[in-house]
Amino acid sequence: MTRRLTAGQAVLEFLNNQYVERDGVEHKFFAGALGIFGHGIVAGFGQGLMQRPDFRYIVTRNEQGSVHIAAAYAKVKNRLGAFACISSIGPGATNMVTGAAAATINRLPVLLLSGDIFARRNVAPVLQQLESDRSQDVSVNDCFKPVTRYWDRINRCEQLITSLPEVMRVLTSPVNTGAVMLALPQDVQAEAYDFPEELFQKRVWKIPRQRPDITALQQAADIIRKAKKPMIIAGGGVIYSEATEILKTFAEKTGIPVAETFAGKGSLPYNHPLNLGATGATGTPGANRISAEADVVIGVGTRYSDFTTASKTAFQNPDVQFVNINVAEFDAFKQGAFALTGDARATLEELIEALAGYRTDASYQALAGQLNKEWDAQVSEIYHVSGELPVSQLEVVGAVNEMASPDDIVLCAAGSLPGDLHKLWRTTHPKGFHLEYGYSTMGYECAAGMGAAMAAPDRQIWAMVGDGNYLMMNSEIVTSIQEGVKFNIILLNNGGFQSIGGLSESIGSQRFGTRYRYRDPATGQLTGEQLPVDFARNAASLGAYVIEATDIQSLKAAMKEARQQTRTTVITVNTDLYKCGPDFAWWEVPVAEVSEIDTVQEAYMKYIENKKKQRYYL
């Protein structure tokens, strides 16, 4: 039996019948499509979506925003749900490159369906076509090859029969998931073909829990048994694997303390006595102290970014060994580790049995508990309201944390906020902390807040965003209003780029070019008065409910009010550009080797000293 459909119709029919199953629980995989119609898709995907009201189509305002919405949705869904993002060929397609890179780096399933140049070529060059004198088979969609996990161009309708299952194989893979690009030339999208009926039958993709080799498991257990000062680095794999409870059991049975990466924050409740808090360049004093002395580091679901390793300076024990648990072999072998390639939850379950009877010294566990309490006391001091205006970002983080319910989600991406949140946010729910820090994408928050809200409609989302991020992409506020998807934005206006400004200062560049100022005609530099951007009126013009907070008390009152609103709410608050959180570790950013500026020369000397602590782990 066959069904005669256009290529565009066939793609949507296929996607609408894809399901995933893990641990016996079945989910429909696609929640619908996000995008903007252009000439390259209006007759193909556009017509197909029009006749498929059961496959929800959401009109976004920027194609990059589409991908951020989809990525945030997949993240909250633990990668068991996804959106398709459609775009025309040309700038609509290339707008998605940043989002694709972020999704791939963060291992989040997002399907990109882009129009492409005419397959038959006779009308070339068409509007928005990038011509090449080296090949007739090049379009701007080739830009996606480095930032996707799977890429295909469909030049004949029947190619979909073999391509679409490959798309799903990658999207549902715990190892290889990320952005997937399927480029369909605009003429092919509208062409019809007799597709086999079997292609459109319901298919359930079972997500396996891979288990490590039993011999390797015993060898890893032998390494850990010899450890006197072991520690666990909990990464995003703990969350995605839904392994938080088994991690807690593992830590309690063995007495091994846990430090958390950005993606792994929430792996243990913040007040658990074995939770050392944030690790690495934005880590807590306790986590970094234990890291420096650890003789065995057990990495669970982490890819060991430079923030986690403090640019390879975090682990200073000369005899340190690594045991890595990761579903991806590529990550399991990092740091010269003894690799256990397998699902985090399944592997920890088996490792508990292999380590039966092993437990760290009581004094070591007591130290971890002491470090946890000391840091929590310090957090309380940092949260303390000074009464000075403008308020500090640290006070805002404290107020939001105190007013948020345990099941709420704080969401952020770039700037100085992620570092402060990593150290200071008191997390009690495994999904309560949502950071896009693999790619640190400015502009993520105002789109991602909508994606998170669609994935968790019964929870409040608090997207914390600086003025720089907000100005870069706030267009999806309109989309959230259109769709009736409510979330909250807390917009911190400090008149510049706080993170890069502080970084610039640390390398001797004196915050050059990081403040929102008029150009001073006397100096020719951007050192004039602050730019008068009215963020409240801007957000209101996009349809948001807006509350202007002036201090911490009014911010808390605003959050109470926001919780009661039924449409996206923006709370604005002015903050001090220069008051940042404390740092307890180093992160490598190169400093100019030669300069006429004294502050740069001083910074270079410190840079050389810090580099001496870097290590190779082989």
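Lys 206 is exposed, with a relative accessible area of 57% (exposed means over 50%, buried under 20% and partly exposed in between, with a 1.4 Å probe and protein chains only). The model is a predicted one, in which local features need pLDDT of at least 70 and side-chain atom pairs count only at pLDDT 80 or more, while totals for chains, interfaces and linings use all residues. Residues are numbered from 1 along each chain as its sequence is written, and side-chain values use heavy atoms, leaving out hydrogens and water.

Lys 206 forms a salt bridge with Glu 21, the closest N and O atoms being 3.0 Å apart (a salt bridge is a side-chain nitrogen of Lys or Arg within 4 Å of a carboxyl oxygen of Asp or Glu). The pair links distant parts of the chain, with Glu 21 in strand β2 (residues 18-22) and Lys 206 in strand β11 (residues 203-206), 185 residues apart; helices (H or I, at least four residues) and strands (E, at least two) are DSSP runs numbered from the N terminus. In total, the structure holds 33 salt bridges.

A further salt bridge joins the side chains of Arg 563 and Asp 408 (2.7 Å, N to O). Arg 563 is partly exposed, at 24% relative accessible area, whereas Asp 408 is buried, at 7%. Glu 505 and Arg 511 also form a salt bridge, with the closest N and O atoms 3.5 Å apart. Here Glu 505 is partly exposed, with a relative accessible area of 49%, and Arg 511 is buried, at 4%.
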